[in-house]
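Here is a short note to read beside the model. Keep the structure open and check each point as you go.

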Amino acid sequence: MATKHSVKQSFEHNEVVVLKKFKDDLMDLSESSDADSFFPKHKTMEDVWKDMGLDAAAGYDLETVCNPTSLSCLREGDITNWECISSCPDDLGLNVLQARKQTVRKVRQNMAKKKTTIVRSKYTELDCALLKKYQEIKRTGESDVIEIPEVLLIVRLSFPRCIRRHKSIHYDFCVLGSQTLDSLRDKICCPMNVQPLYLEGEAKPLADMITSASFLIEDTFYNDHRKETDIDLSEIVMQWARDNPEDHELPSDPKVKSMNETKFEDLTIRLGKPYVFLHMGNCEHEITFVDVRSFNEKDCQSKKEYPMAITRPRMKVIPCKCCHSRVSTWITRNDDFSDEDPSFFCNRCFEGLHFNDAGEKMGAFEARPFINLTSLV
């Protein structure tokens, strides 16, 4: 288990966040006499002026100067469609608009520029659509109500990757502080989970056969003990650490707890520091706590939807070799019916090319399911 990080020194200055204390501070704040100023239902302009330390006259002048209706140029009325930048005249005198038009022109002409622009964006169109979908979900009953105050965490799950091919392969999950670690463990998606294991002619997902998992956060292992087939992965890791003392930076005397008995609000973490999620024996994922904040009215109000993935991995989808229109779901090696090795096929093309009408195999090939990371959640 390779847990030695060359970037360890960069995290030493990060402050430790005790999530239990963070929630207690939120509770004290919500119960204080100034709660309305921190959790306002509606603020008038007079309230805004008061918060800024302005009198009514200064506040009125500021509102007049900064009013959106004052932010206009002489020919702004010539623009009929703000959604279509290309329809805007070039001589409006708006430098930002001109720069945007040049960027759009380059993106349309250069596919590499388009891909770079998408990768550098904080959120893609799919991410924004995903967030909007969750924000529109309503509560279904009293058991689905989230008690306030509540802590909301953004947890990033990263995949093992080749930095030259994929620079941003991760999912971001929203979790509630009152939820246990096993709730996130059940939501974690990995291609290893759905790989088939054939026993007595029947295919079963690998996740049904190998159920053990563990989080390593700070100096504590959090193991999954909900099933009889679960084993203590922390003991295996520490035995390896004792046999290889120079190849790791694990704590010498780690604590061991159960993830199904530990809530996120019970953790002590450092934002941005990489932790480890281990499952399937030796499949490791980097876990990073990206953000911690108070739950608010703009978040999804349905408790049963958490933990929920709010981003998708940014990577190329491999199309089917035959139809070039559907996403590949099978990968073949040493295939008599293909001039490439490996080859990728969708389910319909794979069955039509490699099996006859009676369902019998034709030719020689080795096949296994191909998992697209963007379709796992």
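1. Start with two terms. Two strands pair if DSSP finds at least two bridges between them. Helices (H or I, at least four residues) and strands (E, at least two) are DSSP runs, numbered from the N terminus. Now find Val-155: it stands opposite Phe-173 in strand 3. Strand 2 and strand 3 pair in the antiparallel sense, over seven bridges.

2. A word on the source. This is a predicted model, where local features need pLDDT of at least 70, side-chain atom pairs count only at pLDDT 80 or more, and totals for chains, interfaces and linings use all residues. Residues are numbered from 1 along each chain as its sequence is written, and side-chain values use heavy atoms, with hydrogens and water left out.

3. Next, the largest nonpolar core. Such a core is a set of buried Ala, Val, Leu, Ile, Met, Phe, Trp, Tyr and Cys residues joined through side-chain atoms within 4.5 Å. Buried means under 20% relative accessible area, exposed over 50%, partly exposed in between (1.4 Å probe, protein chains only). This core has 31 residues, and Phe-289 is one of those that touch the most other members. Strand 2 gives the most to this core: four residues.

4. Which residues meet in a salt bridge of 2.9 Å, N to O? The side chains of Lys-23 and Glu-265 do. A salt bridge is a side-chain nitrogen of Lys or Arg within 4 Å of a carboxyl oxygen of Asp or Glu. Lys-23 lies in helix 1 and Glu-265 in the loop between strand 8 and strand 9 (268–270), so the pair ties together parts 242 residues apart in sequence. Lys-23 is buried, at 14%. Glu-265 is buried too, at 7% relative accessibility.

5. Compare Asp-341 and Arg-333. They form a salt bridge, with the closest N and O atoms 2.8 Å apart. Here Asp-341 is partly exposed, at 43%, and Arg-333 is partly exposed, at 40%.

6. Last, the cysteines. A disulfide is a pair of cysteine sulfur atoms within 2.5 Å. The whole structure has zero disulfides. Cys-190 is buried, at 4% relative accessibility.
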